[in-house]
Amino acid sequence: MLMKKNILLFFCLIGLIGNVAFAQSREVSGKVTAAADGLGIPGANVVIKGTTQGTITDIDGSYRLSVPEGYNTIVFSFIGYTNVEANIDGKSVVNVQLKEDIQQLSEVVVVGYGEQDRKTLTSSIVSVDAKSIENVPMPSPDQLLQGRAAGVQVSANSGEPGGGMMVRVRGSTSISGAGASDPLYVIDGVPIVAGNLAQTTFGQPSNALADLNPADIASMEVLKDASATAIYGARAANGVVLITTKRGKTGDAKISVNAYAGTSSAWRSPNELRVSGPDFERLQNEAALNNWNDKNKVTPQPPFVAPFANPDAAMDTNWMDEIFQNGSIHNIDVSASGGEGKVQYMVSGSNFAQEGLIRPSKFARTSGRLNLDFLATNKLKFGTSMMYSTTKRNRSANGNDISGSLTTAFFYPSDIPIYNPDGTYNRPIWENPVAVANETDYVMNTNRLIGSIYGEYEIIPGLAFRSTWSLDNNLVDEYSYASTKLNAGKSVNGSATNNVTRDNNWINENILTYQFNLNNTHNFNILAGNTLQESINELTRANGQQFPGDAFKQISSAAVQQSRTDQTSWGISSFFTRVNYDLNKKYMLTLNVRADASSRFGESNRWGTFPSVAVGWRVSDEDFMSGISTINDLKFRASYGATGNQNGLNNFQSRGLWGGQAGGLNGGGGSTPLNNTGAPAAYGDAPGFIPNQLANPDLKWETTYQFNVGFDLAIIQNKVTVSLDYYNKQTKDLLLAVPVPLTTGYSTLFQNYGEMENKGLELAINAVPVNTPDLRWDINFNISGNKNKLTKIPAPFTQFTRDYVRVEQGYPLFSFWVHEQLGVDPQTGDIIWNTGDDDTFDPSTDRFIVGNAQPKFVGGLTNTFNWKNFDFTALLQFSYGNKILNYNRYFYEHGGERTTGYTSQQLDRWQQPGDITDIPRMARVNYNTSYRPSRHVEDGSYLRMKNISLGYTVPNSIASKVGMSRLRFYVSSQNLFTITNYSGLDPESTVDSSSTVSGTDLAVMPQPRVFMGGVNITF
C-alpha cells in the first residue's frame, strides 16, 4: 500500500508542477481534421510547446485551450499522423489539418500494456502483421508464426486439424510438466488459456488457440528479452505473444468478405513406406532361413521349411489406402468496421472446417467478434472486445497408441484380409485399422467466450487511468462410444465416456499512465498498475458399459455406470511499474519491476519480484554520423532482467495433500512407495483417505535471468533493415520431483533444484530491392540458433517408452539415449556396436547419448512481388540440425520374430557379403527387442515451401461497377514440397511434445499438402 500511495503522490506532484504559475492566460480554440477526408479527429493531443499543459480534441475534433502569456506555439499530434506546430501569436481560433504518416503507422509496436514507437524501443520484439498472414489456411494463430519470427521455433505435433503445436521462444526453460516452456498468450490484453483442455488426448493434445479466428488478427508481437517480458513477471520466462485484433476506425463502414476452399493430401504418400504382401512373405522366409542357419550350425543341417510356400501368390492389402483420405478445407469470413463521432466498431463472423488426412479426423469452428470503442466525453472512453466461438473435433488415436489406425496399418502385414468371411473385421492380434477409421465415435465440442470491458479516464493531459475486467471461459464436452465392433467395446458390450470440463478465468487490471516531456527534450512514459486473476477448473466424468446394443449410445442406457467430479483453482495477484525515458529519441532507458504472488507456491516464497533494465543508443543521430548517407538509422540495445515461471506446476504442489475413495488430486488415493498405483483408499465398502503428497512450504518460482544485446540498422534509404540479437538465458530453481528417502513414506518431493541455460543468435533482414510504380519486391529473411544445456539436476532420469530419451546434466534437453550403431559388417551383415571401454557389447550398460531433437537453427525466407494488379508470395521455412527418433523402425524393422509388418527400409537390408548398408542381416541376433539402435535416430532437417500464393486484384474501374471497392482472386498452396533426409512421413511431427520429450515419431498423422482458391471482396 505504501508503494501505491507514493506512486500516486508522484503523479499528482508532476501534474501540479506542470500547471503552476499560469495565472495570466488567453483562450485559443479550433478544430483538428484529417487532411485526407476533412473529418474531425477525436482524441488528438493539443499541447503548448515547451510545457506539459494541453488538452485533447472532443468527438468532432474541436478543442479549447488556455495559453499562458509568453507562449506562442501549439503542437498538434495524433498516432499515425505527422505532428503540426502552429503559431498562435495574436490568434484566438486556430484550425489545423493532420496528414497521415505512413512510416509512423508502421513503426508503432504493441508492447505490454500499451504501444511504443519502434524508434525508442529498447527491447527485443518481433512483429507479424495481418497482411503477411492474410488468407493462410491455418486453424490457429500460433501456426502463423512459423518461419516468420526470428527466435521463435514453431512445429506442429501432427497434421491433425486443430491439433497441438510446440512453440518455443529462445529455447526451453523448464522441465516441470506439460506446457512448462510454452509462452504466455495475451489477446487484446487478456492472458488466455492456451494449453490442452481435452481429457482424452488420443496420443496428441488439442490446441486451445484453434478456438480463435486468425482473420480477426491485426498484428502479433512476440516479446523475447527480459526488458519486453518483465512487465508480465511471473509468467513471462518463456516469452510473451501479444495478439491484437482489428478495431474500427472513424469513417464510412467497410464490409469485407473473404472466402476460400480447397483440398488436402499427404505431401509424402504413405505407400512409399509400405511393404507389399509378396515382399512381406519373402522377408519372413529370409529371416526364418537366417535364424535357422544361426541355430543349426551342424552338418548335415535338418531340412529347412519356409513359413510361406508361395510368396508370389500372396494377398496384397493396402491398409494405407483404406484409412487415408483427401481432405477438404473451406472458410468464410465476413466483417464490418467503421465509426462516426463517438463510436468505432468492428464486428466479424467466421466459419472454418478442415478434414484430416486420416479418417475420421475433422475440425470445424464457428466464431464471432465484436470490438467497440465509445468516446463518452473528451476525457472518458469505454470499450469492449468480445469473442465467442464454438468448435467441433472428430478425433481418433494419433501417434504412440497401439489402437490407432495408422499404428495398426503399419503393424498389420499386407498379406491378410480386412474382413473375415462372415463380414466382420479381421483382427488377428491388434485392433483392425479399418475398424478404427470406420467405427471410432468421438466428438469434442468446445464453447469459448473471451471478452473484456474497459474504462479509461484522462485525469489531466497525459495522465490517464484505465480499468479492465476480462474473462476467458471454456466449456469442453467430450463424448466417446466404443461399439461392439471395436476391441475396446466388444468384451463389455459397448463402452461410453463423457467428460465435461469447465475452465473459467477472470482478470481485473488497473493501470495508471503518465506521458509527458520536459522542454521537448526529455520524454517520459510512466506506468503503474496491479492485476488480480483467478482460474477455476471443474471436471465431471461419467462412464458406462454393458449397453443393450450399439444403437444405444447414451450412458443412461448402460447397465453399469460410474461418475466422478473434480474441482481445482489457482489465483495470482500482481503489482507492476515501468518507466520509459528518452532524450530526443537518441538515448533511451527502460525500467520494469513486477511483483507477483501465486497461490501455487508455499507461504515462505509466495511473492516473487522480477525487475529489468534496458538502454538504447541511436548512433545515427550523432553528429559524427551526419556524413554517412548510406546509414539511415542505427540503434544499439542492451537489456538484463529476471522473469518467472509457474507453468507445469499443479495448483497445490506446495501443500501436503490427502486423497479419498474416488477422487483426491491424483484421481483416488495417492502415489506413495506403498501405493504406487494411486488406488482408492477405501477398505471394502468403508470410505477412507490417505496422504498422497508431502508439503514443501519453501517451493518458489523458477526464475530466468536474461542478458540481451543487439542492434537495429536501416541502410540505402531504408530499403534494407537488419536486426541482430545475442542472448544468454540462465534459468535457476527449476521445479523438479527430487527423490527423497523411502523412510518418509514417499518416493519424491517437488523442490527447486536444477539449472538450465539457453544461448543464441537471431538475425532478421528485410529488404525492398525493387520499388517502382509497377513493381515492388519485398524480402523478409530470419534465422536463429539456440544452444540449450542442463547445467544442474539432482540425477539423470529417462523419459519416453523404452527409456529412449535421457535428461542428464551437461547435455541438452530432448537427448536420445541409445545403443550406438557404428555400422554393419559388410562380410557378416551383423551390427557393429560401440562397446565403450571394452570389446563386449552389453545392452544394459553400453548406451550413449547420440544427438537431440533441438535444431541448430531455424528460420524462414519470404519473397513478395506486386506487379501491377498481380501479387505473388512464397514462404520457405526451414529447420536444420535436429534429430528425430523414428520409433516406427523399432517395430517395423525386425528379424522375423515378430508378426508385425515391415516398412520399406527393410528392403535395404544386408543380404550377401559386400553389401554396404545400415540395415543388418535379418536375424534375431541383430533385432533383439532389448536393442535401441542409433540408426533409428535420423536427421530431421528440412526445407519446406510452407506457403505460396498468386493473386489478381480486379481494377477499381471494374469492381466499382458492382459496388465493390476491392475484388481479388487468388490460388494458394501450403506444404507444396518438403526437402528432407528423414525417412518417415513428416520431419515436423512428434508423438510427445512435452517439457522433456520432443522429436519422437510413431505413426503420427503427417502435415497435409493443401491446394485452394479464394476471393477477397471489400464494399
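## Strand E24 and its partners

Strand E24 and strand E25 (residues 522-545) run antiparallel and are joined by 24 bridges. Strands are DSSP runs (E) of at least two residues, numbered from the N terminus, while helices are H or I runs of at least four residues; two strands pair if DSSP finds at least two bridges between them. Within this pairing, Asn504 has Ile536 in E25 as its bridge partner. Three residues lie between the strands in the hairpin of E24 and E25, where Asn519 takes a positive phi near 60 degrees.

Strand E23 (residues 463-482) is likewise antiparallel to E24, with 20 bridges joining them. Ala464 stands opposite Thr513 in E24.

## Basis of the model

The model is predicted: local features need pLDDT of at least 70, side-chain atom pairs count only at pLDDT 80 or more, and totals for chains, interfaces and linings use all residues. Residues are numbered from 1 along each chain as its sequence is written, and side-chain values use heavy atoms, leaving out hydrogens and water.

## Burial of E24

Of the 24 residues of strand E24 (residues 495-518), 17 are buried, so the strand is largely enclosed by the rest of the structure. Buried denotes under 20% relative accessible area, exposed over 50%, and partly exposed in between (1.4 Å probe, protein chains only).

## Leu875

Leu875 is found in strand E45 (residues 870-880) and is buried, with a relative accessible area of 2%. Its contacts (heavy atoms within 4.5 Å), not counting residues up to four places away in sequence, include Gln146, Arg148, Leu861 and Met945.
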